[in-house]
Amino acid sequence: YASLHQLPLILVCENNQLAISTPLNLRQPNNQLHQRFESLGVKSIAVKENDIDGLMNAAQEAYAHTRQGKGPVMVTYAVTRVSVHVGHDVRGPIDGWWQDPLNKDYDSCPVTLLARLLMQQKLLSLEAIRQLRQQLRQDVEKTYHEALAQTSQDFSTFESMVFASGL
């Protein structure tokens, strides 16, 4: 639908390369997620693992693409860390980076790498990163609940948007 109507939508997938708990290459013959979106007419950008610059460039490219009215973009970013599989709440192994970003256990976490860089360049302190994390968590929670509360969609006209016959 987003591709058909050229909607300005940016999707970001932090791909932990797992199908629940099984490596994708053991479950699927083609584990290049971005290729699936291309086949649906959605521009897709695949970013190499731990490439913060590449991720920033992909975000800028996706933003420019959607602002030009060219439709949706899917950005996939490979990571090798375990995270919650679905949802907006990111507690668990993924959430340990902010407590100790120098811990080598988080070397494959792009957020940890960025936090380390910002601290090394003396642009942010660990306390400032913790405060930012807390503010972002609150913003995401608030936005998530606001989106859930949006019930103004009028589904009585939904059938008028179906362009198929013989149903």
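Me: Which exposed residues sit on the face of α2 turned away from its buried side?
Reply: In this predicted model, the exposed residues Asp53, Gln60, Tyr63 and Arg67 are carried on that face of α2.

Me: And which residues of α2 are buried?
Reply: The buried residues of α2 are Ile52, Gly54, Ala58, Ala62, His65 and Thr66. They cover an arc of only 155° around the axis, which means that they lie on the same side of α2.

Me: Why would residues a few places apart point the same way?
Reply: An α-helix has 3.6 residues a turn, so residues three or four places apart point the same way.

Me: How many residues does α2 have, and what does it reach from its first C-alpha to its last?
Reply: Helix α2 spans residues 52-67, which is 16 residues, and it reaches 23 Å. That is close to the 22 Å expected at 1.5 Å a residue.

Me: What follows α2?
Reply: Gly69 follows α2, and its phi is positive, near 75°.

Me: Turning to α3, which of its residues are buried?
Reply: In α3 the buried residues are Pro110, Thr112, Ala115, Arg116 and Met119.

Me: What do they pack against?
Reply: The buried residues of α3 pack against β1, α2, β5 and α4.

Me: Which residue just after α3 takes a positive phi?
Reply: Lys122 does, with a phi of about 60°.

Me: Let me step back. How many helices and strands does the protein have?
Reply: The protein has four helices and five strands. Read from the N terminus on, the elements run β-β-β-α-β-α-β-α-α.

Me: What share of the residues is buried?
Reply: Of the 167 residues in the protein, 27% are buried.

Me: What about contacts between residues at least 6 apart in sequence: how many join residues at least 24 apart?
Reply: Among those contacts, 63% join residues at least 24 apart.

Me: How many salt bridges are there?
Reply: The count comes to two. In one, Lys43 pairs with Glu61, and the closest N and O atoms are 3.0 Å apart. This pair links distant parts of the chain, with Lys43 in strand β4 and Glu61 in helix α2, 18 residues apart.

Me: What does Ser44 touch?
Reply: Ser44 touches His34, Phe37, Glu38 and Met74, leaving aside residues up to four places away in sequence.

Me: Now the segment before β1. Is Ser3 buried or exposed there?
Reply: Ser3 lies in that segment and counts as buried, at 18% relative accessibility. With residues up to four places away in sequence not counted, Ser3 touches Leu40, Gly41, Val42 and Pro72.

Me: How far apart are Ser3 and Val42?
Reply: Ser3 and Val42 are 39 residues apart in sequence, and their C-alpha atoms are 5.8 Å apart in space.

Me: And Tyr1, buried or exposed?
Reply: Tyr1 is also found in the segment before β1, and it counts as exposed at 64% relative accessibility.

Me: Which residues form a nonpolar patch with Tyr1?
Reply: Leu7, Leu9 and Leu11 form the surface patch with Tyr1, and together the four have about 370 Å² of accessible area.

Technical notes: Residues are numbered from 1 along each chain as its sequence is written. This is a predicted model: local features need pLDDT of at least 70, side-chain atom pairs count only at pLDDT 80 or more; totals for chains, interfaces and linings use all residues. Side-chain values use heavy atoms; hydrogens and water are left out. Helices (H or I, at least four residues) and strands (E, at least two) are DSSP runs, numbered from the N terminus. The expected span of a helix is 1.5 Å times one less than its number of residues. Buried means under 20% relative accessible area, exposed over 50%, partly exposed in between (1.4 Å probe, protein chains only). The arc is that of the directions from the helix axis to the C-beta atoms. Contact means heavy atoms within 4.5 Å. Patches are made of residues with over 30% relative accessible area and no salt bridge: like charges are joined within 9 Å, nonpolar side chains (Val, Leu, Ile, Met, Phe, Trp, Tyr) within 5 Å. Accessible areas come from the Shrake-Rupley method with a 1.4 Å probe; for residues, only the protein chains shown count as cover. A salt bridge is a side-chain nitrogen of Lys or Arg within 4 Å of a carboxyl oxygen of Asp or Glu.
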